[in-house]
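Here are my notes on the model you sent. Please read them with the structure open beside you.

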Amino acid sequence: MWTAAERTAELESSDGDLAGTFLSTSDGRMLACNDAYARLLGFRTKDEALGSSAWSMYSDASVRTSYLQQLQREKRLIGYESTIVRADGTPIDVMENAIGVFDERGALVEIRGFLLDITDRKRHEAEIAQARDAAIDSARLKSEFLANMSHEIRTPMNGVVGMSGLLLDTDLTPEQREFAGTIATSADALLTIINDILDFSKVEAGKLTMEASDFELRSTVESAVDLLAEAAGQKGIELAVSIDHAVPEDLRGDAGRLRQILVNLVGMA
């Protein structure tokens, strides 16, 4: 075992730019330290630090008690984080590694270790946590806004769906029936989108379910194109549907989702 003089000499010659190293008695009396330790604790010189008590930097007695209990139990401290108070009263966050030196009876007699200033890291972690909480709140507010707006939109849309259905039950010319059918199909498609918005929270949680029902592919694709035909025509673009004969006509799946995907793709194109 090294003598106290040997341990003191090693501490005083250690690189002060790496960490604040120290050697103290179990009751906090500072035996040796390097220049980095003195600067870390806010002392002008190393001699001032040697004249202080190691426990004076812990303003909370419970922290000192926890520190000693853990050191007595585990013989060492690895990555022990705490808040200490510098000589000028400024609090800083530190991370400490320490090894206890025990006598033949198992009593703690000396503490040898080093301190690192992690104030900037802790502040950065706090900023990240604050930004994360703000993002979560923003997402929650967005979901609530979309849900409220979708409810407001769905009410008049139900009226459009109902009235277009009644209109189709009346005597119409073939052209009028085609137009009224497009209105009904468009209203149904828009209601599907609105319901998707109402399920926004499920989308975020990855719990959105797909329907599995029989549908006709051609009518589904044509109804999606009909929704955009008018807008395309105003730009001098003619939309047409061509489905290869090898593609099955009768399918099973979620026709509403397929229609929505087609409308998004064609609309962006």
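**Notes on the predicted model**

1. G20, F22 and S24 point one way from β1, while T21, L23 and T25 point the other way, and all of them are buried. Six of the six residues of β1 are buried, so this strand is largely enclosed by the rest of the structure. Keep in mind throughout that the model is predicted.

2. Where does β1 sit in its sheet? The order of the five strands is β2-β1-β5-β4-β3, in an open sheet with antiparallel pairing. The edge strands, each pairing on one side only, are β2 (30-33) and β3 (76-85). On average, and with direction ignored, neighbouring strands of this sheet are turned by 30° against each other. As background, strands of a sheet pair through backbone hydrogen bonds, either parallel or antiparallel.

3. The pairings of β1 can be followed on both sides. Six bridges join β1 to β5, and the two run antiparallel; T21 has F114 as its bridge partner in β5. Three bridges join β1 to β2, again antiparallel, and here S24 stands opposite M30. The hairpin of β1 and β2 has four residues between the strands, and in this hairpin G28 takes a positive phi near 95°.

4. Which strands does helix α4 lie across? Helix α4 (residues 61-74) lies across β1 (20-25), β3, β4 and β5 (108-117). Its direction is at about 170° to β3.

5. The largest nonpolar core has 25 residues. Those with the most contacts inside this core are F22, Y37, L41, Y67, I84, I111 and L115. At least two residues of the core come from each of β2, α2 (35-40), α4, β3, β4 and β5. The largest share, four residues, comes from β4. In soluble globular proteins, nonpolar side chains tend to be buried together.

6. Leaving aside its neighbours within four places in sequence, I111 is in contact with F22, L23, S24, T25, S26, W55, Y67, L68, L71, A98 and I99. A second, separate core of five residues includes F215, L217, I243 and A255.

7. Is D117 buried, exposed or partly exposed, and why? D117 is found in strand β5. Its relative accessibility is 44%, which lies between the 20% and 50% cut-offs, so D117 counts as partly exposed. The side chains of D117 and T119 are joined by a polar contact of 2.7 Å.

8. D117 also shows how residues separated along the chain can meet. D117 and D93 are 24 residues apart in sequence but 6.1 Å apart in space, C-alpha to C-alpha. With its neighbours within four places in sequence left aside, D117 is in contact with L40, I92, D93 and V94.

9. What span should helix α9 have, and what span does the model give? At 1.5 Å a residue, the 14 residues of α9 (residues 255-268) should span 20 Å. The end C-alpha atoms of α9 are 20 Å apart, which agrees. Buried residues in α9 are A255, G256, R257, R259 and V263. An α-helix has 3.6 residues a turn, so residues three or four places apart point the same way.

Notes. Residues numbered from 1 in each chain as written. Predicted model: local features only at pLDDT ≥ 70, side-chain atom pairs only at ≥ 80, totals over all residues. Heavy atoms only, no water. Pairing = 2+ DSSP bridges. Axes fitted to C-alpha atoms, helices over the stretch in contact; angles between N-to-C directions. Contact = heavy atoms within 4.5 Å. Buried < 20%, exposed > 50% of the residue type's maximum accessible area, 1.4 Å probe, protein only. Expected span 1.5 Å × (residues − 1). Core = buried A, V, L, I, M, F, W, Y, C linked by side-chain atoms within 4.5 Å. Polar contact = N/O pair within 3.5 Å; in protein donor to acceptor, adjacent residues only side chain to side chain.
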